[in-house]
Amino acid sequence: MFKFASLMAVSLISLPVIATTPVIYGEDNRQEVYEASAFHQKLASSAITMVEKVKLSRSAERPGLVQLEQVTLRSWLEAQFGEEKSYLLSKSAQEAVDQKVSFCEGERFTEQPNPAMCSGFLVAPDLIVTAGHCVTLENMCQSYSWVFDFRVDAFTKTAGVDVKEENVYNCKKIISSVLATGMGLDYALIQLDRKVTDREPLDVRTSGVVDAKTNLVVIGNPSGLPLKVSAGATVRTNVHPFYFSANLDTFQGNSGSAVFNAETGVVEGILVRGEEDFEANMSLMCIEAKRCDDSACRGEDVSRMTQIPEYAVKEALFKLAEKGDTKELEKLTKTKFWVDIYGKDGKTALMKAAEYNREGFVKALLAKGADVKVLDTKGNSALHAAATGLRKYSSDLVKSLIKAGIEIDGKNNAGETALLVSARNLNLEGVKLLIKMGADKNSVDSSNENALFHFARKGNKGAVKELIKLGVDATIRNTQGQSVEDLSKTGILAGWMK
């Protein structure tokens, strides 16, 4: 069955059962994040936890901090009742709970809080991936938040008590989501309400298949608990085109967890299905985690990253954008996907096509719904991307972007307009074209320098004179109090400007 953690969450929906959830294979390899290797700790910083908003509390006495619900795994188990347990426990465990039987002595992590519903991971500045069955709730974006760093503290041994407000994100929209149980497809790509700037997106597989001998590690929220790192697993079956199976120690709540190549840190897939979590120990009259030999039981199913359309086509899309091949674009887009897909740097295929002055490809992408308002991690738009290579003949490209809604004087994180990017790259043609197209000829960057400064510093007297004739202000002073005339007195142009 799907790996859900929360009874409340499960009771809200009706899901087809395709296989019951996780289990311990061989030794229990789950460990706290602080116990893991430095490499795996870094990967864990990009893991994210899905939590119902009502399980997040804020207090005026603790500004900037959020607390997650502190109901423990043991208390959660003891509160179970009725048919809904069939989603969460084996039949023997259900019957045991009805008799008020709780966890066995020594069962791990039972005194930790378990507010998480699903797991996920960061793949771009504001994009996360999770399991498709985690987002089938109609109100998912409105009722659930995504939280980074829900983990046990190495010193206090608490978790979710003082989560930073800045680590709590909301769902802006579900970009791509499929739950096709008959085909074994189960994935979702979600856009967060803002960019994540304090941690790195993960590297993901975009072509080929995982090697049968690959060592694996999974990082997520088993049983809704704080993040756990579980290594020591390997691929078991690798024949299905949409998923592979492994002997991962995962539980309900691990749904959506990233499954990594343990050595390279590349995400191979998304944990989605597996064995039952808990069963009754009749001799001890208690409930414990189900255990299997490494090669026994059904194994845990992992949706391949390459089955997410956006990642299956991303490399090909960007190569076509660079070449400007619109015919191949038509073939590629017969598979429906989000054409604005981007990676760690936030750059889209539209930006790539604009950078290479591929006017036809830019128009084709715009016709397919590409959004000119998407910015990369440096705040650059497609027009900024085009600025370095703009030429006299690029007016139609600029017109297309402006018509689609791009701001000709929009600024990046450095305070630069596209005109200033052209100037910084000493592209006089680009500066003149943008002025002709209506750009602010006296726009200034964060140093309060306009286009003239860049050409003046390089000693390009002709460019400076030409821009002054076009009305670019030579009296503007930068944050150091210098004007272009001052530079002409002391720099490479000394003596020419009077």
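1. Cys-141 is buried at 13% relative accessibility; buried means under 20% relative accessible area, exposed over 50%, partly exposed in between (1.4 Å probe, protein chains only). Its disulfide partner is Cys-171, with the sulfur atoms 1.9 Å apart; a disulfide here is a pair of cysteine sulfur atoms within 2.5 Å. Cys-141 sits in helix H5 and Cys-171 in strand S10 (residues 168–180), 30 residues apart. Helices (H or I, at least four residues) and strands (E, at least two) are DSSP runs, numbered from the N terminus. Cys-171 is buried too, at 9%.

2. This is a predicted model: local features need pLDDT of at least 70, side-chain atom pairs count only at pLDDT 80 or more, and totals for chains, interfaces and linings use all residues. Residues are numbered from 1 along each chain as its sequence is written, and side-chain values use heavy atoms, with hydrogens and water left out.

3. The structure holds three disulfides. One joins Cys-104 to Cys-286, S to S 1.9 Å. This link is right-handed, with 90 degrees about the S-S bond. Cys-104 lies in the loop between helix H4 (91–98) and strand S6 (116–124), and Cys-286 in strand S18 (residues 286–289), so the pair ties together parts 182 residues apart in sequence.

4. Another disulfide joins Cys-118 to Cys-134, S to S 2.1 Å. This link is left-handed, at -90 degrees about the S-S bond. Cys-118 is buried at 0% relative accessibility. Cys-134 is buried, also with a relative accessible area of 0%.

5. In helix H15 (residues 461–469), Ala-463, Val-464 and Leu-467 are buried. Just after H15, Gly-471 takes a positive phi of about 100 degrees.
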